[in-house]
Amino acid sequence: MRAPEKRGEGIHPYKIVEIQFEETMRITGITYSEKKDLLFPFREITVEVPVRMDNGDVEVFVGYRVQHNGARGPMKGGVRFHPEVDLYEVRGLAALMSLKTGLMDIPFGGAKGGVTVDPAKLSLPELERLTRKYTQRIGLILGPFRDIPAPDVNTNAQVMAWIFDEYSKAHGFTPAVVTGKPVPLGGAPGREEATGRGVAFITSLAAKDFGIELKGARIAIQGFGNVGSNTAKFLYGMGAKIVAISDVHLALFNPGGLNIPEIYEYYYKNKTLKGYDAAEVLDREDLFKVETDILIPAALGGAISKEKNADFIKTRMIIEAANSPITPTAEKTLLEKKIVIIPDILANAGGVIGSYFEWVQNLQEFRWDRDEFFQKMERIMEKGYKAVIDLAKKENIDLRKSAYAIAIERLAEAERLRGSY
Ligand code: NAD
């Protein structure tokens with residue numbers, strides 16, 4: 001089934017991944033049939049998710065789970081609850097997960113899941129019933145050695161706890177079936193901040209390599225959820241000046257630097273940036289007009305496009321904390337402007353590495369402390385980062401193509417070794 005080219009006014013998020021994947025395939029040594037095999041997902045399921053609402057009515061939602069590639073290990077990827085979720089978006093995000101685990105050389109494949117729903121409109125009991133019903137419906141294809149969900153947009157440790165509980169009812173106590181759980185239920189200390197911490201770590205390596213002094217660097221971050229808020233927290237801790245942040249409602253701006261610890265506390269108490277009054281309030285899209293040294297999209301796919309903002313963005317480096325935040329045409333414009341782009345499968349891989357550690361600890365029934373967690377995470381990320389930089393220099397290609405090429409070669413190699421018949 002081919003994905004639609006467009007969603008709303010912009011390119012469909014799946015097309016972004018497909019174009020990037022195909023462009024890189026052209027420069028790798030893999031064969032035509034390997035290409036077809038790698039791009040197409042291993043398995044996709046669409047499920048009906050009927051939920052008894054608090055008023056007694058039953059509302060039917062639609063859920064998806066796409067398993068992209070499992071040649072290198074059990075398939076791994078988050079679950080997203082969002083009104084724009086569709087099969088193709090989930091397919092694209094699943095492919096990115098295979099690339100991410102391949103690039104980081106951790107023993108997983110790629111998958112992704114989602115439900116088309118606006119969770120802000122559900123009560124907590126409705127959200128729990130939705131999560132449990134979705135888990136029941138996709139449960140047959142999950143398992144600690146088959147497919148392991150994790151948090152993504154609008155899902156969190158509590159949602160992962162319900163997935164764990166629902167799966168365990170049918171299969172016995174199985175914490176390793178899902179990651180990003182609360183620590184008392186087998187979650188790993190460090191996992192919750194792992195993606196943001198990893199983004200900040202990669203930002204520090206890239207800033208050094210590309211001549212940006214991180215201390216005092218002006219940074220704007222789009223999205224202040226799990227990834228954006230933790231990225232802001234760690235970069236602030238490293239001495240960067242976070243001049244603008246945004247959420248779905250608005251952006252906050254202070255050219256002298258925002259008070260991130262205070263805003264962090266405010267956001268987690270109020271679940272929004274709305275009402276915070278110690279900074280200038282901008283339209284959320286105006287964040288992209290702020291001149292910066294480093295820009296970090298940490299919300300949804302397609303945030304930076306030619307139509308919306310690529311032409312006027314003034315920055316030196318973009319760190320893709322979100323998945324697929326830049327459309328391919330926007331990327332051309334940004335690269336022409338000599339903006340360094342650190343691709344998503346490298347920048348935000350801390351999340352899946354953290355999930356890998358949680359899974360390992362669950363299987364071993366053993367817990368590491370946070371310091372050990374972050375030390376091991378940074379070691380893996382640094383190795384991945386260096387490989388991407390080295391190949392880009394050697395082949396004179398951009399960093400995305402370099403990252404994708406390393407990952408695609410690893411996936412193709414695993415497929416070859418497992419044999420075709
Ligand atoms: P989240 O639900 O915790 O937060 C999303 C944030 O984006 C919220 O603050 C929301 O208000 C904001 N937002 C939504 N639309 C916006 C818009 N148009 N403009 C500005 N802000 C907007 O989600 P998250 O887990 O932080 O995920 C963010 C991105 O990072 C996604 O692309 C996700 O796929 C990616 N990612 C997440 C993880 C993880 O571990 N959670 C790992 C890797 C990648």
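I took two strands as paired if DSSP finds at least two bridges between them, and I read helices (H or I, at least four residues) and strands (E, at least two) as DSSP runs numbered from the N terminus. With that in hand I looked up Ile294, which stands opposite Met317 in β13.

The model is predicted, so I kept in mind that local features need pLDDT of at least 70 and side-chain atom pairs count only at pLDDT 80 or more, while totals for chains, interfaces and linings use all residues. Residues are numbered from 1 along each chain as its sequence is written, and side-chain values use heavy atoms, with hydrogens and water left out.

Entry on the sheet that holds β13. I found that β12 (residues 294–297) and β13 (residues 317–319) run parallel and are joined by two bridges. They belong to an open sheet of seven strands with mixed pairing, in the order β11-β10-β9-β8-β12-β13-β14. Its edge strands are β11 (280–282) and β14 (340–342), each of which pairs on one side only.

Entry on the five-stranded sheet. I read the order β3-β4-β6-β5-β7 for this open sheet, again with mixed pairing. Because β3 (43–52) and β7 (147–151) stand at the edges with a single partner strand each, one side of each is left without a neighbour in the sheet. Neighbouring strands here are turned by 25° against each other on average, direction ignored. Within this sheet I followed β5 (residues 75–82) and β6 (residues 109–116), which pair in the parallel sense over six bridges, and I saw that Arg80 stands opposite Gly114 in β6.

Entry on the ligand. Counting a residue as near if one of its heavy atoms lies within 4 Å, I found 25 residues around the ligand, of which Asp152, Asn154, Thr195, Ala299 and Asn323 come nearest. For polar contacts I used pairs of N or O atoms within 3.5 Å. A backbone N or O atom of Asn154 lies 2.8 Å from a ligand oxygen, a polar backbone atom of Asp247 is 3.2 Å from a ligand nitrogen, and a side-chain N or O atom of Arg284 is 3.5 Å from a ligand nitrogen. The protein covers 88% of the 830 Å² of accessible area that the ligand has on its own (Shrake-Rupley method, 1.4 Å probe).

Methods. Polar contact = N/O pair within 3.5 Å; in protein donor to acceptor, adjacent residues only side chain to side chain. Axes fitted to C-alpha atoms, helices over the stretch in contact; angles between N-to-C directions.
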